[in-house]
Amino acid sequence: MTTLRQALYGAALLSALGLHLWGTYQQSQAASARAERDAQLIDQLKQRSARQAASIVRLGSELAAWRVAQQGMQTAQADVRQQHAASQIQKQEISRNDPSFSDWGRQPLPDAARRLHERPALTGADAYRAWLSRRNALQPAASGAAD
């Protein structure tokens, strides 16, 4: 082999080695960039997970407070029902034992009071306003002892 040929083979070998080293360097740079992106993504996911965990804890405490409030409302409702039942029993006993109460309860309402309790089926504020403006107003009763 001639020296020129050996020099060309040596140059080709060096250029192939250089290309291989350059390719390896590029691969390591790409791997480094991927690792950096992955690390950033992991950090973002950790932050998101921490926010979600905080939201879960907050929602858990709100749910516990809501359940306590609901239990309180159920207890209050049971108390009101019990008081209403006791009141109804008391009214029934009074009605049974006091004939004047029973007689009073059976009397019809006076016309003025009956008109106050009349309510037609209304739909909306305009209908209610129209009903109020056309109904008969109550007049004060004339009393002889005013003067």
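# Report on a predicted helical model

Where helix α1 meets α2, the residues Lys-91, Ile-94, Ser-95 and Asn-97 of α1 touch Pro-99, Phe-101 and Ser-102 of α2, contact meaning heavy atoms within 4.5 Å. The structure is a predicted model, in which local features need pLDDT of at least 70 and side-chain atom pairs count only at pLDDT 80 or more, while totals for chains, interfaces and linings use all residues. Residues are numbered from 1 along each chain as its sequence is written, and side-chain values use heavy atoms, with hydrogens and water left out.

**The meeting of α1 and α2**

Two packed helices are described by the angle between their axes and the distance between the axes. For α1 and helix α2 (residues 99-106), the axes come within 5 Å and cross at roughly 105 degrees. This makes α1 roughly perpendicular to α2, a term that covers angles of 65 to 115 degrees. The axes are lines fitted to C-alpha atoms, for helices over the stretch in contact, and the angles run from 0 to 180 degrees between N-to-C directions. Helices themselves are DSSP runs (H or I, at least four residues), numbered from the N terminus.

Asp-98 is placed in the loop between α1 and α2. With a relative accessible area of 32%, Asp-98 is partly exposed; buried means under 20%, exposed over 50%, and partly exposed in between (1.4 Å probe, protein chains only). From C-alpha to C-alpha, Asp-98 and Ala-86 are 18 Å apart in space, and they are 12 residues apart in sequence.

**Positions along α1**

Ser-32 belongs to helix α1, which covers residues 3-97. The table lists the accessibility of several residues.

| Residue | Relative accessible area | Class |
|---|---|---|
| Tyr-9 | 52% | exposed |
| Leu-21 | 54% | exposed |
| Gln-26 | 36% | partly exposed |
| Ser-32 | 38% | partly exposed |

Tyr-9 is also found in helix α1. The C-alpha atoms of Tyr-9 and Asp-79 are separated by 103 Å, and these residues are 70 apart along the chain. Gln-26, another residue of helix α1, has its C-alpha atom 95 Å from that of Arg-115, 89 residues apart along the chain. Between Ser-32 and Ser-15, which are 17 residues apart in sequence, the C-alpha to C-alpha separation is 25 Å.

Leu-21 lies in helix α1 as well. Together with Leu-14 and Leu-17, Leu-21 forms a nonpolar patch on the surface, with about 330 Å² of accessible area in total. Such a patch is made of residues with over 30% relative accessible area and no salt bridge, nonpolar side chains (Val, Leu, Ile, Met, Phe, Trp, Tyr) being joined within 5 Å and like charges within 9 Å. The areas come from the Shrake-Rupley method with a 1.4 Å probe, and for residues only the protein chains shown count as cover.

**Salt bridges**

Side chains of opposite charge can pair when their charged atoms come close. The whole structure contains 2 salt bridges, each being a side-chain nitrogen of Lys or Arg within 4 Å of a carboxyl oxygen of Asp or Glu.

One joins Arg-58 to Glu-62, with the closest N and O atoms 3.1 Å apart. Both residues lie in helix α1, 4 residues apart, about one turn of the helix. Arg-58 is partly exposed at 43% relative accessible area, and Glu-62 is partly exposed at 42%.

Another joins Asp-126 to Arg-129, whose closest N and O atoms are 3.4 Å apart. About one helical turn separates Asp-126 and Arg-129, because they are 3 residues apart in helix α4 (residues 125-134). Both Asp-126 and Arg-129 are exposed.

Note on methods:
Helix = DSSP H or I, 4+ residues; strand = E, 2+ residues; numbered from the N terminus. Parallel < 35°, antiparallel > 145°, perpendicular 65-115°, else oblique.
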